[in-house]
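The following exercises are to be worked through with the sequence and the coordinates at hand. Each task is followed by a solution in steps.

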Amino acid sequence: MEFFQYRNVVIETPNSPEAEAYRKLELNIRLQGIDQKIRVIQTTSPTPKDGKTTTAINLAAVYAERGLKTLIIDFDLRKPKIHRAFKKANEIGFYDYIVENKAIEDIIIKDESGIDLILSGKHITSPHIVLESKKTQALIDKVTSLYDVIIVDSPPVLSVTDAFIISNLVGGVIYVVAYNQTKKEDAKVALQQLREADINILGSVFANVDPKLTGYSYNYYYRQEEE
Amino acid sequence: MIDIHTHLLPFVDDGVKNYEESVEIISDMVSQGVKHIFLTPHYYRLRNFLSSYDDNLKIFQTLKEKIIQENLDISLHLANEIKYSSDTLKDIEKEKVKPLNENLYLIEFSVNETMYEISEAVYNMTAKNYQPILAHIERYNHLNQIEDIKGLKKIGAFIQVNISSLLGHRGGRTKRWIKRLIKNDLIDFIASDTHVFRKNLMVQGYQYVENKFSKAVAEKLFNNQIILHKV
């Protein structure tokens, strides 16, 4: 994972079946929120390396493609990855807003893809405390007024409690599991925990599916509420 | 031979204590056939090694004069060994620290640094178009898998190992680890990291590699020209 090269297929290979699968994902989210638009979306998963960050960056690209003003926030403050996915140095970010009291506008990074980013910045000790603060809520409120859609990357459910704290700030959660990789038991336990916390799970994403095995031409297959 | 990692600048870190010591070591290196020496004083906040480039430069000029007086035929270069921290990118931008060449920066970590932090340093530096040379990687307790070294190189890091470690000063296990890395062509530089006088260290290292591997390998590791030319 330390050297994983994140691919934004929606940007790099927009006509591929993989990119199409992300567009389907966005459509399904839209259908979920027909009456009440879901504008702040969190990606999480049971364990590391399941595909949260890849899902986050590709979903964001779909929104940007549709002309929506899109922001990604890296709230995995323990092992931030969004800057790696966008080939940026993790220099300025959430840390500067929380600790150095920088204005939100000053920590937003504009990427060539048209997607804006709030990176984690310097390491924050006790991220779960910071994430629960009024200041964090204020950040979400402010960016909600500035952007059409906000994608929030978060740590895995089974690693730390951060994912639950973040879910209080968002409109819905996408649960990502990696096909043939995420342990079934982990996937079940984590999902159970999310349900018990009464979190609005929009649905789950099956990442890492080999089209040759399934016979489908899509690499990523969206499904409602995994059993 | 080229020595890309030395602590031969007196008064600024835990290296040589005075000009005489420095000249003695440099003189010994010249007799071994070293043509280029990079003086890389620590830039390390926690150890209070924070000498500015301007201060370093003054000492460096004086040292160069003494070298000329001794008629020593050697090219000296002034750079830094940077302890990587969240301030490093800013330090580089503000030119508080110097590269060995163009964008090649020598960086080090604590021995217990995690793989995540080491990889993070490489990602952040390459994102700014800096090229990190990771100093004496054989010292890092969490950097002991071949796959990790391969991964670091893949994302843009250069790898440096100390001669004394190769010659067994950190024990047999470290020696075998380094040999395995050489065999897998994963090392870019072998350097002295010299702080005190050790006679013939460079040539001992060179001959060891030449005997165990080949002259071509020894040349690649002790005479890596990328440090002198535009990469």
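**Exercise 1. An aromatic pair in chain A**

Is A:Phe75 buried or exposed, and what is its relative accessible area? Then characterise the ring pair that A:Phe75 makes with A:Phe94.

*Solution.* The model is a predicted one.

Step 1. The relative accessible area of A:Phe75 is 1%. Buried means under 20%, so A:Phe75 is buried.

Step 2. A pair of aromatic rings is described by the distance of the centres and the angle of the planes. Over all chains, the structure holds nine aromatic pairs. For A:Phe75 and A:Phe94, the ring centres are 4.9 Å apart and the planes stand at 70°. Planes over 60 degrees apart count as edge-to-face, so this is the class of the pair A:Phe75 and A:Phe94.

Step 3. The pair is now placed in the chain. A:Phe75 belongs to the loop between strand E2 (70–74) and helix H4 (82–85) of chain A, whereas A:Phe94 belongs to helix H5 (residues 94–98) of chain A. Because these parts are 19 residues apart in sequence, the pair ties them together.

**Exercise 2. Salt bridges within the chains**

How many salt bridges does a search of the whole structure find over all chains?

*Solution.* Step 1. Side chains of opposite charge can pair when their charged atoms come close. The search finds 23 salt bridges over all chains.

Step 1. In the salt bridge of A:Arg23 with A:Glu65, the closest N and O atoms are 2.7 Å apart. A:Arg23 lies in helix H2 (residues 17–32) of chain A and A:Glu65 in helix H3 (residues 52–65) of chain A, so that the pair links distant parts of the chain, 42 residues apart. A:Glu65 is partly exposed, at a relative accessible area of 42%.

Step 2. A:Glu112 and A:Lys88 meet in a salt bridge of 3.3 Å, N to O. A:Glu112 is in the loop between strand E3 (109–110) and strand E4 (116–118) of chain A, and A:Lys88 is in the loop between H4 and H5 of chain A, so the pair ties together parts 24 residues apart in sequence. A:Glu112 counts as exposed at 71% relative accessibility, whereas A:Lys88 is buried at 16%.

Step 3. In chain B, B:Lys58 forms a salt bridge with B:Asp55, with 3.7 Å between the closest N and O atoms. Because the two are three residues apart in helix H2 (residues 53–69) of chain B, about one helical turn separates them. B:Lys58 counts as exposed at 54% relative accessibility, and B:Asp55 as partly exposed at 39%.

**Exercise 3. The interface of chain A and chain B**

How many residues does the contact take from chain A, and how many from chain B? Describe the area and the polar pairs of the interface.

*Solution.* Step 1. Chain A contributes 16 residues and chain B 18 residues.

Step 1. The two chains bury about 1300 Å² between them, with 55% of it on carbon and sulfur atoms. In chain A, the residues that lose the most area to chain B are A:Phe3, A:Arg84 and A:Glu91, together 45% of what that side buries.

Step 2. Three salt bridges are counted between the chains. B:Asp87 forms a salt bridge with A:Lys122, the closest N and O atoms being 4.0 Å apart. Salt bridges that share partners join A:Lys122, B:Arg45, B:Asp87 and B:Asp91 into one network.

Step 3. Six residue pairs are in polar contact across the interface. The side of chain A that touches chain B comprises four nonpolar, three polar and nine charged residues.

Note on methods. Residues numbered from 1 in each chain as written. Chains lettered and ligands numbered in written order. Predicted model: local features only at pLDDT ≥ 70, side-chain atom pairs only at ≥ 80, totals over all residues. Heavy atoms only, no water. Contact = heavy atoms within 4.5 Å. Buried area = accessible area lost by both parts, 1.4 Å probe. Salt bridge = Lys/Arg side-chain N within 4 Å of Asp/Glu carboxyl O. Polar contact = N/O pair within 3.5 Å; in protein donor to acceptor, adjacent residues only side chain to side chain. Nonpolar A, V, L, I, M, F, W, Y, C, P; charged D, E, K, R; others polar. Phe/Tyr/Trp six-rings, centres within 6.5 Å; stacked < 30°, edge-to-face > 60°. Helix = DSSP H or I, 4+ residues; strand = E, 2+ residues; numbered from the N terminus. Buried < 20%, exposed > 50% of the residue type's maximum accessible area, 1.4 Å probe, protein only.
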